[in-house]
Amino acid sequence: MNPKMTLHPSGARGVLAVAVSLVAVACTGGSVATTTLPPANRVDCSGVIDAYENLPDPFFSLRVFDTIALEPGPLDLGRGGEPGTAYEGLRFAKFGLIIRADRAVTLEIVNVQPGDAVMAWTPLEDPDRPATRIDVGPCPGDGNDWIVFSGGLWVSDDPTCVTLAVTTGGHTEQVRLGVEAPCP
């Protein structure tokens, strides 16, 4: 390499990623497995049921990144899923999803066995597919507007504690929502 030439930091990361992949293939004798996230279901902006210029307190005091607000819980369980639907065997804990209008947010249920908890806010692009990941926004409005979607969690156990990973603007934070009892 010419001593006057330098490698841009992003190029160095790329070279390192290729080297790590080659070592992994050499050590395992096969291809490197890649992980894929489950497909997200998208909440359509047409489903906004209310909007606030200032977020109402104290009902939605669990705030993440000043972008999303949730009820701190514990959430109450209501109706059961209809027989023959994807929600059969689950019970619904209703609560509003409140986000800043001009922001995009991804919610993902983490640390739960498949089928033990799913999300649904109205309207979902695919209402018949239970979602462990949901994308919302950005929706029309300015940064001062908070918009509300109707929906909640479907869970198999009560009481239970559901952990949501909230991702917005490249940052992720986990929050815990208690259903029928506070999270430990």
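R129 and D126 are joined by a salt bridge whose closest N and O atoms lie 3.4 Å apart, a salt bridge being a side-chain nitrogen of Lys or Arg within 4 Å of a carboxyl oxygen of Asp or Glu. R129 is partly exposed at 26% relative accessibility, and D126 is partly exposed at 31%; here buried means under 20% relative accessible area, exposed over 50%, and partly exposed in between, with a 1.4 Å probe and protein chains only. The model is predicted, so local features need pLDDT of at least 70 and side-chain atom pairs pLDDT 80 or more, while totals for chains, interfaces and linings use all residues. Residues are numbered from 1 along each chain as its sequence is written, and side-chain values use heavy atoms, without hydrogens and water.

The count of salt bridges comes to 5. Another of them links E108 to R133, with the closest N and O atoms 4.0 Å apart. This pair connects distant parts of the chain, from strand β7 (residues 105-110) to strand β9 (residues 133-136), 25 residues apart. R133 is buried, with a relative accessible area of 13%.

Strands are DSSP runs of E of at least two residues, numbered from the N terminus, and two strands pair if DSSP finds at least two bridges between them.

Strand β8 is joined to β11 (residues 151-155) by 5 bridges, and M119 has L153 as its bridge partner in β11. Because 5 of the 5 residues of β8 are buried, this strand is largely enclosed by the rest of the structure. A117, M119 and W121 cover one side, and V118 and A120 lie on the other, all of them buried.

Notes: Helix = DSSP H or I, 4+ residues; strand = E, 2+ residues; numbered from the N terminus.
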